[in-house]
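Dear colleague,

I am passing on the structure that I mentioned, and I would be glad if you could look through it alongside the notes that come after it.

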Amino acid sequence: EHLAIEVLETSHQISRDSWFQVGFVLTTGVNSAYVLGYSGTIMVPLGWIGGVVGLIVATAISLYANSLVAKLHQYGEVRHIRYRDLAGFIYGKKAYSLTWALQYANLFMINVGFVILAGSSLKAVYVLFRDDGEMKLPYFIAMAGFVCIVFAVSVPHLSALGVWLAFSTVFSLIYIVTGIVLAIKDGIRSPPRDYSIPGTSVDRIFTTIGASANLVFAFNTGMLPEIQATVRQPVVENMMRALYFQFSAGVLPMYAITFIGYWAYGSKVSSYLLNNVGGPIWLKAAANIAAFLQTVIALHIFASPTYEYLDTKYGIRGSAMALRNLSFRVAVRGGYLVITTFISALLPFLGDFMSLTGAVSTFPLTFILANHMYLVAKGRKMKSWQKNWHWFNVCFFGVVALAAAAAALRLIAVDSSNYHVFADL
């Protein structure tokens, strides 16, 4: 059946990048400005034991699941440069369409979160110097959206990020190191903190389930085949090197700021750590500006599959500065980001988006689909215990995904009753 699926040749560059550059693409996603929220969205609902164990376990199972997808990149002697191409090759047309829908919903919600983050970072800078309440969060989200459009038009494809990945790393280090240093300073001077898990018993059940979705959201892109398409031959070996880099050196900064932020402020830590820290205004402003700039780069990574699809569908090839190509990016990418920015300003509930994204798309794409695809592709060569292991993963993560989706929807309903649209959070 997979022979009936039309797989388009891409307009973007593939097989160009070193495993080291791809490793930094992956690490940029892990250490995006989202890390400034993990103390509040992961550690507070789970506490010390649940948070530490949960992050370590999530790291291990995410590396395992991503390695399964990476090893299927050349399955059937065909290179699958898109997630939906791989699913379609293994299952057929229906799975092709379903995977496409799940992935693009996943990436869209991640991008909505990035625009909210970028706007929140800009607002935090404004509040440091002029806390008069005149400028609201939706205004800053609109500004962030405009900058994202300019960047999207300027960088034609994922491989073209090049030096921007180095800037992204520097920006990440600025806000992570600043957050860590200022949090340690506050933690040393503060009285004993309250580390108890807040809420009633029922609330704790739902927040714990929601935090599990945030755990897997923290480590997974939902676009691994698209990233792997950019790596040089041998693609599987080089991608595994990039994944080992991501899940070793790449996760250490995220661990550090998550644990230290929770240690310093306990259950009162916010979902944006830089709002908690004390210190020189100029230093906090620099950290927030770095978070804003890194978010613009990270959003471009997660929007690149959408851009690739549109460019390929409409035959955008050749020089990136050709008038037709440039005007196409302005109109189409600009339109996509205008919609993303509008949704971000309309419903600026960052934690809710993280939970819902993890539940409805990251769990199915990264764990359920990865294990089942590997089972279908390699099942004849597996021993019975190996088959049982993959089936267990499919069933277990299926149940967790349903529970996490219910918890995320409940959280959205609660927040929707507490906040109005275009809220100034």
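This is a predicted model: local features need pLDDT of at least 70, side-chain atom pairs count only at pLDDT 80 or more; totals for chains, interfaces and linings use all residues.

Residues are numbered from 1 along each chain as its sequence is written, and side-chain values use heavy atoms, with hydrogens and water left out.

A cavity is a set of points on a 1 Å grid over the protein atoms alone where a 1.4 Å probe fits but cannot get out, whereas a pocket is an open set with protein on both sides within 12 Å along at least five of seven lines, and lining residues have an atom within 4 Å of a point. Grid points are joined across faces, edges and corners, and a volume is the space filled by probe spheres set on the points. The count by this rule is three cavities of 30 Å³ or more. The largest cavity, with a volume of about 160 Å³, is lined by 16 residues, and those nearest its centre are Thr10, His12, Glu226, Thr230 and Glu308. Its lining comprises six nonpolar, seven polar and three charged residues (Ala, Val, Leu, Ile, Met, Phe, Trp, Tyr, Cys and Pro count as nonpolar, Asp, Glu, Lys and Arg as charged, and the others, Gly among them, as polar).

The second largest cavity has a volume of about 90 Å³ and is lined by 14 residues, with Gly29, Phe217, Ala218, Asn220 and Phe302 nearest its centre. Helix 1, helix 4 (93-129) and helix 7 each give two or more residues to this lining, where helices are DSSP runs (H or I, at least four residues) numbered from the N terminus. By class, the lining of the second largest cavity holds 10 nonpolar, four polar and no charged residues.

Turning to the pockets, the second largest pocket contains about 350 Å³ of space, and of its 21 lining residues Val57, Ala58, Ile61, Phe396 and Phe397 lie nearest the centre. Helix 2 contributes the largest share of that lining, eight residues, and the lining as a whole divides into 15 nonpolar, six polar and no charged residues.

Helix 9 (residues 235-246) has 12 residues and spans 16 Å from its first C-alpha to its last, close to the 16 Å expected, the expected span being 1.5 Å times one less than the number of residues. Nine of the 12 residues of helix 9 are buried (buried means under 20% relative accessible area, exposed over 50%, and partly exposed in between, with a 1.4 Å probe and protein chains only). These buried residues pack against helix 1 (19-30), helix 2, helix 7 and helix 8 (224-228), with contact meaning heavy atoms within 4.5 Å. In helix 1, the buried residues include Val22, Gly23, Val25 and Leu26, and among the elements covering the buried residues of helix 1 are helix 9 and helix 11 (281-313).

Thr341, found in helix 12 (residues 323-346), is buried at 11% relative accessible area; leaving aside neighbours within four places in sequence, Thr341 is in contact with Val115, Ile141, Ala142 and Gly145.

Finally, the cysteines: Cys148 is buried at 3% relative accessible area, whereas Cys395 is partly exposed at 49%. The count of disulfides is zero, a disulfide being a pair of cysteine sulfur atoms within 2.5 Å.

With best wishes
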